[in-house]
Amino acid sequence: MKISEAMHSGVRWISPDTDLRTVAHIMKDEDIGALPVGENDRLIGMVTDRDMALRAFANGHDLDALTVRDVMTNQIVFCRTSESLEDAIRLMEEKKIRRLPVINDDKRMVGMLSLGDISHSSSREMTGELLKAVSGHHA
């Protein structure tokens, strides 16, 4: 199965200058835990609920002064629509991540592939292996 068949499309971007309260409201309203960060029509990072909790809240920063740029993850791991679901699963296992931005052949972000998407599109065995790999403690 191709990633394009399993991903969900219609992903929104946020600016790196977006304040964290706005991000929290978007995540709550849309029931999501990660948002791609874009600037000048390019994907430059991801911000997750975990990023906000660990890099902002737990460190006692002034939340009104922080933006997405202050807490986002800069290293972008992504997959392509033309790759197989198995390729994406291997990448997610290796990097211990639960969500991947999906890029098309024109280098445009066209969707996201999440652990939930994989569970609906893959075998129990593959989903179970992925869940075990991404749920382990981070080094």
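Visitor: Which residues of α2 are buried?
Guide: The buried residues of α2 are L20, V23, I26 and M27. This is a predicted model, so the positions come from a prediction.

Visitor: What makes them sit on the same side of α2?
Guide: Look at the arc. They span only 120° around the axis, so they share one side of α2. An α-helix has 3.6 residues a turn, so residues three or four places apart point the same way.

Visitor: Which residues lie on the other side of α2?
Guide: H25, K28 and D29 are there, and they are exposed.

Visitor: What covers the buried residues of α2?
Guide: The cover includes β2, β3, α3 (49–57) and α4.

Visitor: How do you know that D19 caps α2, and at which end?
Guide: Check the distance. A side-chain oxygen of D19 lies 3.2 Å from the backbone nitrogen of R21. The cut-off for a polar contact is 3.5 Å. The pair at 3.2 Å is within it, and D19 caps the N-terminal end of α2.

Visitor: What comes just after α2?
Guide: D31 does, with a positive phi of about 50°. D31 belongs to the loop between α2 (20–30) and β2 (34–39).

Visitor: Why is D31 called exposed?
Guide: Its relative accessible area is 70%. Exposed means over 50%. The value for D31 is over that cut-off, so D31 is exposed.

Visitor: Where is D41, and what is its phi?
Guide: D41 is in the loop between β2 and β3 (42–48). Its phi is positive, about 60°, although D41 is not a glycine.

Visitor: Why does D41 count as exposed?
Guide: The relative accessibility of D41 is 52%. The cut-off is over 50%, so D41 counts as exposed.

Visitor: How do you know that β2 and β3 pair?
Guide: Count the bridges. Pairing takes at least two bridges. Six bridges join β2 to β3, and the two strands run antiparallel. One example is G38, whose bridge partner in β3 is L43.

Visitor: What lies between the strands of this hairpin?
Guide: Two residues lie between β2 and β3. In this hairpin, N40 takes a positive phi near 55°.

Visitor: Why is β2 called largely enclosed?
Guide: Five of the six residues of β2 are buried, so the rest of the structure largely encloses β2.

Visitor: What is the strand order in the open sheet?
Guide: The open sheet has four strands, in the order β1-β6-β5-β4, with mixed pairing.

Visitor: Why are β1 and β4 called edge strands?
Guide: β1 (8–9) and β4 (79–80) each have a single partner strand, so one side of each has no neighbour in the sheet.

Visitor: How do you know that β1 pairs with β6?
Guide: The pairing rule asks for at least two bridges. β1 and β6 (residues 109–114) have two bridges, in the antiparallel sense. H8 has M112 as its bridge partner in β6.

Visitor: Where is N104, and why is it called buried?
Guide: N104 is in the loop between β5 (99–103) and β6. Its relative accessible area is 18%. Buried means under 20%, so N104 is buried. Leaving aside neighbours within four places in sequence, N104 is in contact with R80, T81 and V110.

Visitor: Why is V77 called partly exposed?
Guide: V77 has 22% relative accessibility. Under 20% would be buried, and over 50% exposed. The value for V77 falls in between, so V77 counts as partly exposed.

Visitor: Where is V77, and what is it in contact with?
Guide: V77 is in the loop between α4 and β4. Beyond neighbours within four places in sequence, V77 is in contact with L91, K95, I97, L100 and P101.

Visitor: How many helices and strands does the protein chain have?
Guide: The protein chain has seven helices and six strands. Of its 139 residues, 38% are buried.

Visitor: Where is confidence lowest, and where is it highest?
Guide: Confidence is lowest in helix α7 (residues 124–135), at a mean of 66. Helix α4 (residues 68–71) has the highest, at 95. The mean pLDDT of the protein chain is 86.

Methods. Residues are numbered from 1 along each chain as its sequence is written. This is a predicted model: local features need pLDDT of at least 70, side-chain atom pairs count only at pLDDT 80 or more; totals for chains, interfaces and linings use all residues. Side-chain values use heavy atoms; hydrogens and water are left out. Buried means under 20% relative accessible area, exposed over 50%, partly exposed in between (1.4 Å probe, protein chains only). pLDDT is the predictor's confidence in each residue, from 0 to 100. The arc is that of the directions from the helix axis to the C-beta atoms. Contact means heavy atoms within 4.5 Å. A polar contact is a pair of N or O atoms within 3.5 Å; within protein, one must be able to donate a hydrogen and the other to accept it, and residues adjacent in sequence count only if both atoms are side-chain atoms.
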